[in-house]
Amino acid sequence: MEERNGLSARSAVLSALLGSHPPRLSARHLVRIGALFGIAEGTVRVALSRMVAAGDLLQSGGRYTLSERLVERQTRQDESRDPHTKPWDGTWEVAVVTAERRAPADRAALRQAMTMLRLAELREGTWLRPANLVRAWPEIVTAQCTLIDGRPHGDPTDMLWDLDGWAAEAHRLERALDRADGLAEGFLVSAAVLRHLLADPLLPDELLPAGWPGTELRARYDDFDRRYREVLFLHLKD
């Protein structure tokens, strides 16, 4: 598909719907969003047709909404903006793969689930993280793993996550939010921030380096998003 500013019609449509609550927009509005990046109306409409055929979108009455799978992705995205955590008592969650003869699809599904649960792989088949998140274990995990609560000797945080790298990108995005000028640039920066928040390991304060920018990035993004959505809404109505 044709791209402008590195953004394909499919990516523009997905980003627009993932950022909308409820995730439902008309074809006309999605075409106008594509136009921000020089994407032709026909290209957007072809992308919409292909996404419906692929099961990514549902279409009814000229409006498009996310499929159930992508609604789950939006839920994770929302959770990354306002994470549900609990006080940490030093316990770590450990998931050890104990199922035998796993199909490649099951292996891939487990890896994806662990990433979404924000666990990190210490070695092949052994995943862990601090037990400070409020969420349930999905069946894909319980069917393949033995779950253990424990306390490692020593802090394995630096082996599991690149905290310096995440923080450096967060600071860069904070500056990008301050500089964002116009609907197109704001759209791209917004999508980049949401992707980065999804990669936040959401560690307890006790394990984070001084000056961790997670809370600040969320607060600045919430303020930016509130103002940006008002301007975008006026643009779509015009």
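**A short tour of a predicted model**

Residues are numbered from 1 along each chain as its sequence is written, and side-chain values use heavy atoms, with hydrogens and water left out.

Now to the aromatic rings. A search of the whole structure finds five aromatic pairs. One of them is F224 with Y228, stacked at 5.8 Å centre to centre with 10 degrees between the planes. Here rings of Phe, Tyr and Trp (its six-membered ring) pair if their centres lie within 6.5 Å, and planes under 30 degrees apart count as stacked, over 60 as edge-to-face and the rest as tilted. Both residues lie in helix α10 (residues 214–237), four residues apart, about one turn of the helix. Helices (H or I, at least four residues) and strands (E, at least two) are DSSP runs, numbered from the N terminus. F224 is buried, with a relative accessible area of 7%, and Y228 is also counted as buried, at 7%. Buried means under 20% relative accessible area, exposed over 50%, partly exposed in between (1.4 Å probe, protein chains only). Ring pairs also link Y221, F224 and Y228 into a cluster.

Next, a sheet. Three strands form an open sheet in the order β3-β5-β4, with antiparallel pairing. Its edge strands, pairing on one side only, are β3 (24–26) and β4 (57–60). Two strands pair if DSSP finds at least two bridges between them; β3 and β5 (residues 63–66) are joined by three. Within β5, Y64 is the bridge partner of L25. Helix α1 (residues 9–18) packs on this sheet, touching β3, β4 and β5, and its direction makes about 75 degrees with that of β5. Contact means heavy atoms within 4.5 Å, and axes are lines fitted to C-alpha atoms, for helices over the stretch in contact, with angles from 0 to 180 degrees between N-to-C directions.

Last stop: helix α2 (residues 27–35), where A27, H29, L30, V31, I33 and G34 are buried. Among the elements covering those buried residues are α1, β3, β5 and α10.

Methods
This is a predicted model: local features need pLDDT of at least 70, side-chain atom pairs count only at pLDDT 80 or more; totals for chains, interfaces and linings use all residues.
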